Amino acid sequence: MSDVVERTLSVLPGLLGQHDLGAGPGGAGGPGRVSATSRLGSLIRSITALTSKHEEEKLIQQELTSLKATVSAPTTTLRLMKECMVRLIYCEMLGYESSFGYIHAIKLAQQGNLLEKRVGYLAVSLFLHENHELLLLLVNTVVKDLQSTNLVEVCMALTVVSQIFPREMIPAVLPLIEDKLQHSKEIIRRKAVQALYKFYLIAPNQVQHIHDKFRKALCDRDAGVMAASLHIYLQMIKENSSGYKDLTGSFVTILKQVVGGKLPIDFNYHSVPAPWLQIQLLRILGLLGKDDPRTSELMYDVLDESLRRAEINHNITYGLKALTYVIQQDPNLALQHQMTIIECLDHPDPIIKRETLELLYRITNGQNVIVIVQKMLDYLKESKEEYAIINLVGKIAELAEKYAPDNEWFIQTMNAVFSVGGDVVHPDIPNNFLRLLAEGFDDGKEDDQLRMYAVQSYLALLEEEDALYPQKFLQVMSWVLGEYSSLVADVDPEVILTKLHSLLKKTFVTSETKVWIMAAVTKIASRTSCSKTVDKLIGEFSNSLDTYMRQYAFELKHLCEDKALMKTLLPFDASCNDMVVDASLSFLDGFVAEGLGRGAAPYKPHHQRQEEKLSQEKALNFEPYGLSFASSVSSSGVTGRQSPTGLSFGSDTSGNSAETGHKETNTLKLEGVRKLWGKEGYLPKKENKVGKENEPQTVSCGSLLPGQAGDPPASRSDQVASLSEEDKEKQQLASTLFIGLGSNAGVSLMGKADTATQKFKRKSKINETQNSEEDSDFQNSGASDFGPLLDTVPINMEDCEGNIHTRLRKASLCSSDIVEDNLVFETSQSLKKSGLDDRLSDSMLSQSSLFADSNIEIFQPSPSAQCESASKPPLVPSLPEELEELNHSGVVELCQSDALALHLCKVWTDDSLLLTVFVSNKTASALNAVNLVFEEAEHFQILESPTYQFPVIEAQSVECCQKCVWMDKICTQGILSGSVNYQSEMETRLDFSITLSLLDFIRPMEMTTEDFGKLWLSLSNDVKQNIKMSCSQDSLSAALNTLQQKLKLHIVDIIGNEGILACQLLPSVPCLLHCRTHSGMLALWFRSPCSALPDGLLYQCQKVMEES
Amino acid sequence: MIKFFLMVNKQGQTRLSKYYEHVEINKRTMLEAEVIKNCLSRSKDQCSFIEYKDFKLVYRQYAALFVVVGINETENEMAVYELIHNFVEVLDKYFSRV
């Protein structure tokens, strides 16, 4: 937030001020006031004096004309130019384009003295946008100013970079900005961080290699720099919260200091310490702690503290919003504020009303659903805003499906949803509704009743001749009528057919809806013997101009001729049954083989064709390994893309074209189904089954109803309205709204337990899928899920008590540092330095980063023990002979105590990373039952079991254990932590952590050029990047050798100035690399079936190329 | 995220505008006009937040001047509400009397 303030402020002087160079901000005499003589001042005054828009336009056009003449005159001095710029900015801000001045703004930034330059930069940042072509002209100026010795110039350049900068020119300034992170002035460091934040937003790949430097910024001794770095962290954590769990402690510490008022007093706002910084930190902690009780545990203290201090109230009704989020955690809180909520519900301000409904939505349960939905519908009828309608309609539909007390109410509510929501409703709503009807619940009788009621209500609605229903509602109606009208015995199908027929002739019915209606007619016709209406309909539409209708009419005609076929084709209530579709299109194999036999070209999928076109254009020669399909398809097996049915080889398809074939059949399947069954005709049965298994207990409607009857007659709002006293009325409303809320803590208002779970239980499953799929704004899971969550938390806590223990210890270590020293960051830095020294003394682990490494040292239990041991002759473990021959790292010390020392050696075997942990007993007696336990890590998978027990370790001897590890989730670097416990006088525990890098899991992949070509075409995740080659590796082969040695890539082939390499991530995820050199640059092009792998490798490549 | 920052007088004239996301110039005028209309139509006893299309407006009135900030879903309204005041206080300090 602070950067926003700053940016905005930077706009000001240019706008309002023409202040003299001499007068600094805050100087005497009120600097920066609009001077009476300035031309901007007079311009503003004359504009303010005008009465009509037309006059304003005239005046500004005049102004612009004169400005244009001035700026393009060669005699214009820079000083005058600066003055013109300010006026141009003002004109443009009023909405009058002044593009003629853009180039002059850039020139001014280039040539002017400090103040002129500043105005130039300001004008540029206001005039241009990210993709503006003129922006490229600014790059040189920025580079020059970044190198300037004048701090103000550097600041200006950094500011403009953090606002707009062309994405493709980032490499030009990146090294300069990186340098600025070490600048002695904090404002420069802060601005550099902001610029890097900008880069991270527009091109995250390019700043990947400086993540470690962000960590330094986070620990900067200046709070401003730290605050700026939080923006980057928020963004990164949003994308991948698991990668930054280790920083939780740091964030907690920072928040603790902020809340404790440790920041400079300038950060206070109305005596609240750095409120925006707090918000930012809370956001980060929120993301880190989400679904992770272990990490959350670290935060509780500080959160509690922040909450306590934040009690200073903010008196706005909008505080409701906060309540909305709070009650997600604990609905009982809403009870305390009942009356406030009721007041808000009748608030004249629609915004507040809407927020109230949002809150009610979250506290809805089976007992108050009727009142709440009624309130929502009332609001909906008044509202005209499309966004509000879509949002609210979705919520009503969701609540209705979840909590409907009875069929009648459900159908009626859904009718209201469809008619009010019209065609703007989210397509999921009708789809889910129909799916619900079709799949039914456990009780068949109940299903039929619901369906019958739906049919009856639709027939009643269609009774009204002139009613205009939204298309989606009509579609729903026709599908239901088509499927279930036969359930209603006392209605003649002929009557329904007549109604549908008349609908078909209405002009407001779109052709899509007509297709739905036609499908309904077909279904009904299959169940009647013969119908005049159907015959009439066939006659009418057989020559319709609408080809779809004509086709349907013909289909119907032919089907009517063969009733038996029609019955098998359209079985009753079979919309949920699985359809068997030959996804591989194997029935076409013969046809394809025949085609190939006649010399037709084999099918190429779209991207392959594009590829070839591209490669031809760029004169990149892919031919040698492009199209020779050898008969072994082994490589495509690796990609996991092979068609499950194994297409006949006659059709000459790689795994890849089978994939396309698969896709095609999917769409085909949909088409075919839709014609006969409506959109929901084929329903994913699997999902249904899963849902049922997951939630075996259902509250069937029957059992729910009696409970409902016992309630205060489910007090409808109209009943409430009949009460005379206003207060009483509100009380009453309150009791209906908040009913069933207290049940969790046993404080139920009505003294009743919350019996209502979901009526239509299967729904929740679908909702969840939806949520995850489209990140929708129905935050539905919150309201219904808190219960189980509360239950599971304690269990989880017990489960991982040990782990928490570790974390807590780390946290307490940190916090004790702080108490001792106010300048915490200094402390942690010095700690890090000492860590660094240690590392240098036994620099063995070469690849791991500085920071992560120092991590190990910081959390070491007792540094003194280490010193002691250093003086003694240490036990030096060595690898067993059979491993000694394999590739391995040096032996590094992990941790030690008085009794034990742990050493680690990484062995890179062909199929895994073999971690060899040496446990040496330093004491003079044998140690029994030494347990080595690895914690579960998110990114890594330990094959076999994560624990190992040494029954006994003799005095002064070394035992070792070996664990194979794979990387489960790709990350450039991760930490695998664990502990050793042993019994000496008392139970002792020793924690350690191991830094594993992506490279530990990369192995060369040997293949032929042909295989490479085949595989290349079948992979779709692309990452391209140009990197600079240093002089030591100016030739391609030198560069490739570096990659081969450092990254364990296999060089497949080198042709001219192009080279191809291959590697795999264990166990078997391939990644291919194509390199090309041109004018000192190395163009890297990665492909892999896994999208994260190329990014990770690219980062490593950049690193090794820089190092070498 | 803050999308834009506006200062508008009661007559609906823009006195200051800053966009943090690029908006075409001709669309700016239209957007500003609508935003101001929305703010002016609200009375003193209504809250300072408006849901407008797919984003939110947070505004504060200082005499005849409105400060309006457009934000998206992820931003905290209260934080921005206070930020506006902070901003005005800074102006006040810098220009000694606003």
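The model is predicted, and local features are reported at pLDDT of at least 70, side-chain atom pairs count only at pLDDT 80 or more, and totals for chains, interfaces and linings use all residues. Residues are numbered from 1 along each chain as its sequence is written, chains are lettered from A and ligands numbered from 1 in the order in which they are written, and side-chain values use heavy atoms, with hydrogens and water left out.

Chain A contains 48 helices and 17 strands; helices (H or I, at least four residues) and strands (E, at least two) are DSSP runs numbered from the N terminus. Of its 1108 residues, 51% are buried, where buried means under 20% relative accessible area, exposed over 50% and partly exposed in between, with a 1.4 Å probe and protein chains only. When contacts in chain A between residues at least 6 apart in sequence are considered, 68% join residues at least 24 apart; a contact means heavy atoms within 4.5 Å. In chain B, two helices and five strands are found, and the elements follow the order β-β-α-β-β-β-α from the N terminus. Chain B has 98 residues, of which 57% are buried. Among its contacts between residues at least 6 apart in sequence, 41% join residues at least 24 apart.

Helix packing in chain A is illustrated by α2 and α4. Two packed helices are described by the angle between their axes and the distance between the axes. The axes of helix α2(A) (residues 39-49) and α4(A) come within 9 Å and cross at roughly 25°. With this angle, α2(A) is roughly parallel to α4(A). Axes are lines fitted to C-alpha atoms, for helices over the stretch in contact, and angles run from 0 to 180 degrees between N-to-C directions. Angles under 35 degrees count as roughly parallel, over 145 as roughly antiparallel, 65 to 115 as roughly perpendicular and the rest as oblique. On the side of α2(A), the contact is made by A:Arg39, A:Leu40, A:Leu43, A:Ile44 and A:Ile47, and on the side of α4(A) by A:Glu83, A:Val86, A:Arg87 and A:Tyr90. By class, six of these residues are nonpolar, none is polar and three are charged. Ala, Val, Leu, Ile, Met, Phe, Trp, Tyr, Cys and Pro count as nonpolar, Asp, Glu, Lys and Arg as charged, and the others, Gly among them, as polar.

Helix α4(A) (residues 78-93) also holds A:Ile89. This residue counts as buried because its relative accessibility is 6%. Leaving aside residues up to four places away in sequence, A:Ile89 touches A:Leu122, A:Ala123, A:Leu126 and A:Phe127. A:Ile89 and A:Leu126 lie 37 residues apart in sequence, while their C-alpha atoms are 7.6 Å apart.

Helix α7(A) (residues 139-146) is largely enclosed by the rest of the structure, because six of its eight residues are buried. These are A:Val139, A:Thr141, A:Val142, A:Val143, A:Asp145 and A:Leu146. The buried residues of α7(A) pack against α5 (102-111), α6 (114-127), α8 (151-163) and α9 (170-180) of chain A.

Strands of a sheet pair through backbone hydrogen bonds, either parallel or antiparallel. Two strands are taken as paired if DSSP finds at least two bridges between them. In chain A, five strands form an open sheet in the order β3-β4-β5-β9-β7, with antiparallel pairing. Its edge strands, each pairing on one side only, are β3 (892-896) and β7 (940-942). The twist from one strand to the next averages 30°. Three bridges link β7(A) to strand β9(A) (residues 958-967) in the antiparallel sense, and A:Gln941 stands opposite A:Trp966 in β9(A). Elsewhere in chain A, strand β10(A) (residues 973-983) pairs with β11(A) in the antiparallel sense over 11 bridges; A:Ile975 has A:Thr995 of β11(A) as its bridge partner. Strand β11(A) (residues 987-997) is mostly covered, with eight of its 11 residues buried.

Chain B also has an open sheet of five strands, ordered β2-β1-β5-β4-β3 with antiparallel pairing. The edge strands are β2 (14-19) and β3 (49-52), each pairing on one side only, and the twist averages 20° from one strand to the next. Strands β1(B) (residues 2-9) and β5(B) (residues 65-71) run antiparallel and are joined by seven bridges; the bridge partner of B:Ile2 in β5(B) is B:Ile71. Helix α1(B) (residues 25-40) lies across β1, β2, β3, β4 (55-62) and β5 of chain B, at about 135° to β3(B).
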